[in-house]
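Here is a short briefing for a first look at this structure. Start with the overall picture, then turn to one helix.

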Amino acid sequence: MKKIIIAIDGHSSCGKSTMAKQLARQLGYIYVDTGAMYRAVTLWALRHDYFLADGSISPMLESDIREERIAVSFVLNPETALPEVCLNGENVESHIRGIEVSNHVSPIAALPYVRAFLTLQQQRMGEQKGIVMDGRDIGTVVFPHAELKIFVTASAEMRAQRRYDELKAKGQEVAYDDILRNVQERDYIDSHREVAPLRQADDAVLLDNSSLTREEQNAWLLKLTQDRVSALA
């Protein structure tokens, strides 16, 4: 069967990673969570106190990237058969999912040198195709010629509730209002940044999953993919 690149973009906390993982598993494709890569760089910046009091980010971050002090990679979890992100060889999957990283990731992702650094890595990952990649600019910047592009959205309130439920299930103490505010702020920053802003690619298929169950959206996505691959055969 012909292998393709599947680019899934959309707003934060709308289930992109979950559906992308499931689709990759069904197709036997490689899954890459680009958001986790930006979160890993954010974690590095937090650990090194690069978020300054005036709201800016220390130029030391750019120096660290230029001097190759930051390495973002993935390792396969043998129990889940899913990739988990590593920062300089340390598995940081559990560290990058909390609210502190969520509150700081959008400013990091808006930095041109961070985007250039990670975009190049992502493009290399897709050279052999057979990949499902989700993020904010996969169909517009990373893989503008991807054979299938999906743009996912849902209401901010629905996305905040899903994120709240997910974090509570992991035992984290969080407030719904804080998460809703974070979702809304990330939407604004992601959509208004100068470099690679979040937008729906002209040839992307829109999926509003506000009222869909996980099973319904997975079935929709699998059929869409199968139809696209058949049309390209």
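**Overall size**

This is a predicted model: local features need pLDDT of at least 70, side-chain atom pairs count only at pLDDT 80 or more, and totals for chains, interfaces and linings use all residues. A compact globule of 233 residues would have a radius of gyration near 17 Å, and the protein agrees, with 17 Å. That radius is taken over C-alpha atoms; the globule rule is 2.2 Å times the number of residues to the power 0.38. Residues are numbered from 1 along each chain as its sequence is written, and side-chain values use heavy atoms, leaving out hydrogens and water.

**Make-up and confidence**
- The protein has nine helices and eight strands, which are DSSP runs numbered from the N terminus (helices H or I, at least four residues; strands E, at least two).
- The average pLDDT, the predictor's confidence in each residue from 0 to 100, is 93.
- Confidence is lowest in strand 3 (residues 72-77), at a mean of 90, and highest in helix 3 (residues 60-66), at 98.

**Burial**
- Of the 233 residues, 49% are buried.
- Buried means under 20% relative accessible area, exposed over 50%, partly exposed in between (1.4 Å probe, protein chains only).

**Helix 9**
- Q217, N218, L221, L224, T225 and V229 are buried in helix 9.
- Those buried residues fall within an arc of 130 degrees seen down the axis of helix 9, so they line one face; the arc is that of the directions from the helix axis to the C-beta atoms.
- On the other side of helix 9, E215, S230 and A231 are exposed.
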